[in-house]
Amino acid sequence: MLDTYHNPYNNRELLAKLLYQNQTTEQALAQVNVLFDALPNKNPTLSTWDKMYSYCSPFTTNAQPVTALTSSTQPSWMNELDREYQAFTNMPTVHVTDFGAIGDGITDSTKAFQQAIGNGRVKVIVPEGIFVTKGIRLPSWTYLVGEGKGITIIKLHNKASKDMRLVTNMHHRRGNRNIYIGNMTLDWSIERLSSDEKTSSGNNQSSCVTLAHVKYGWIKDVEAINPGLHCFDVSSTRYNYEGDGKRARGGSRYIWLDGLNGYGFGDDGITTHHSDYVCISNCHMCDPSGRSHESGFSNSNGIEVDDGSRHVLLLHNSTARCFGGVEVKAHHNSSAASDVVIAGHISLHDNRSYNFRHIGHHVGTDPPSKTAYYIKAVNLVAIEPVRTPLYKNSKQRGMVISAYQNVVVHNFTLLGNPAYDYQNQPVIAVQYRARDIVLSNIYIENFKSASTDLKIFGGLQRADRVTVQHMRSRNSALSAVYVGEAVEDVKLEAINVIRENGKYAVRSYTPIFMKDVYARGYKQHIFVD
């Protein structure tokens with residue numbers, strides 16, 4: 001299941017088979033919206049601003065969120081994207097082979113692609129074959145389309161520099177608009193590098209596809225193989241690391257990625273940076289190389305919503321054998337991704353199936369995050385998270401929530417392997433100053449050697465204001481729920497946990513609210529100190 005050639009259009013059907021409670025995406029989103037609307041503190045404002053640099057813009061949270069839906073699964077902003085797509089139907093069509101391109105896997109067809117594409121306003125057809133190029137740059141109003149994954153293959157020339165992007169838009173600073181890439185395989189040709197060499201050159205280079213400062217973009221039914229950095233990067237002109245509360249200028253807007261496959265990536269499969277209004281649907285990312293990082297320290301994620309991204313929808317995707325399946329995050333010196341909706345995802349054998357964090361804003365001595373807000377996640381499946389040589393010291397988790405506020409997770413199924421050694425680690429961790437968290441309809445089974453199914457961390461960097469409702473655990477961790485010291489405002493409602501020879505159903509070192517807690521097979525059902 002979920003091998004390299006998995007068809008991601010089957011994800012919705014597969015989710016229906018794997019979820020303990022089979023809710024449609026539409027039903028789950030409706031429920032998560034009710035839970036989200038009941039949260040306090042949903043309108044944060046930035047109380048202080050650092051001095052803006054010339055290439056930075058302030059981070060704000062007042063744009064139209066992806067949670068405003070015209071249907072239950074499509075953001076209203078996609079109507080504008082659909083209108084723009086119609087413009088492509090009136091453009092002239094050319095065939096790249098008419099300009100001298102040869103798909104023999106040997107001939108350099110770079111000039112043929114340049115001549116076929118010209119100044120844009122053209123649909124370029126790439127037929128069956130392996131077309132070698134030193135990079136393709138697309139001007140505005142360009143529609144580049146092949147005959148299918150594994151049929152049309154565009155491969156980077158073996159003399160291309162390590163910083164080369166295989167396909168990107170023409171003007172990263174000035175920007176482009178209306179670009180479509182579809183129905184092909186893109187091979188970054190990693191074999192041209194030595195086997196012990198790091199594969200990326202920094203910032204947003206070395207990827208199969210980079211859309212930087214693009215308004216209206218589509219990437220559909222594309223496979224990306226072995227990029228030095230990312231398979232697909234929806235980005236700004238440059239990444240920005242000038243501090244929390246700032247975003248890079250030149251972000252992309254109104255981008256739809258659909259039906260994508262990727263593997264062998266040096267960092268992330270799909271990633272977004274400082275961009276708004278992005279939909280990632282029916283995609284599958286797996287088996288990274290991790291070679292853009294030092295060996296054993298690679299946080300290579302299947303899908304990453306990174307620094308400064310806003311209003312992002314992930315719909316019916318899957319990941320396998322990555323460091324993070326889905327990671328919503330930011331670096332310590334950048335703004336966090338905000339207003340992210342994950343609707344239907346399958347994670348198989350990822351180290352951290354779902355990882356939400358703002359690095360550098362976790363411990364009690366760190367400054368609180370100004371921007372880590374608003375995540376909704378529904379119909380999630382985590383299958384057997386494991387340790388990985390990608391990041392050798394990272395403990396496996398089904399979910400980690402750190403530093404984020406206003407997070408609602410609904411209808412989450414976690415399936416462990418009863419024979420695997422989980423090394424007395426928790427399955428779900430809510431920690432590092434996370435606030436206003438709701439976990440609803442959680443089903444956990446077969447993490448027998450884990451310490452706790454759900455651990456809410458206490459202490460100086462404790463989580464606060466956490467609600468857990470309708471949680472079931474079967475044959476799983478020694479303790480079902482653990483609440484640490486000094487955690488404020490924890491509510492446990494409708495908890496049903498069963499196993500043999502367990503320790504505690506609920507163990508808390510702070511007073512908590514409990515209602516309808518049923519436990520069987522634990523030495524002590526409830527322990528509150």
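In the predicted model, D306 forms a salt bridge with K329, with the closest N and O atoms 2.9 Å apart; a salt bridge here is a side-chain nitrogen of Lys or Arg within 4 Å of a carboxyl oxygen of Asp or Glu. The pair links distant parts of the chain. D306 sits in the loop between β20 and β21, and K329 in strand β22 (residues 324–330), 23 residues apart. Both D306 and K329 are buried (under 20% relative accessible area; exposed is over 50%, partly exposed in between; 1.4 Å probe, protein chains only). Helices (H or I, at least four residues) and strands (E, at least two) are DSSP runs, numbered from the N terminus.

D307 lies in the loop between β20 (301–305) and β21 (310–320). D307 is buried yet has no salt bridge. The nearest side chain of opposite charge is K329, 5.1 Å away; Lys and Arg count as positive, Asp and Glu as negative, and His and the chain ends are not counted. Beyond neighbours within four places in sequence, D307 is in contact (heavy atoms within 4.5 Å) with residues including Y241, H273, K329 and S334.

The model is predicted: local features need pLDDT of at least 70, side-chain atom pairs count only at pLDDT 80 or more, and totals for chains, interfaces and linings use all residues. Residues are numbered from 1 along each chain as its sequence is written, and side-chain values use heavy atoms, with hydrogens and water left out.

The structure holds 18 salt bridges. One of them joins the side chains of R12 and E26 (2.8 Å, N to O). R12 lies in helix α1 (residues 11–18) and E26 in helix α2 (residues 25–37), so the pair ties together parts 14 residues apart in sequence. R12 counts as partly exposed at 37% relative accessibility. E26, at 27%, is also partly exposed. K134 and D108 meet in another salt bridge (3.7 Å, N to O). K134 lies in the loop between β5 (129–133) and β6 (136–138) and D108 in strand β3 (residues 104–108), so this pair ties together parts 26 residues apart in sequence.

N176 is in strand β10 (residues 176–187). At 7% relative accessibility, N176 counts as buried. N176 and T142 are 34 residues apart in sequence and 9.9 Å apart in space, C-alpha to C-alpha.

The protein chain has four helices and 34 strands. Buried residues make up 62% of its 529 residues. Among contacts between residues at least 6 apart in sequence, 75% join residues at least 24 apart.
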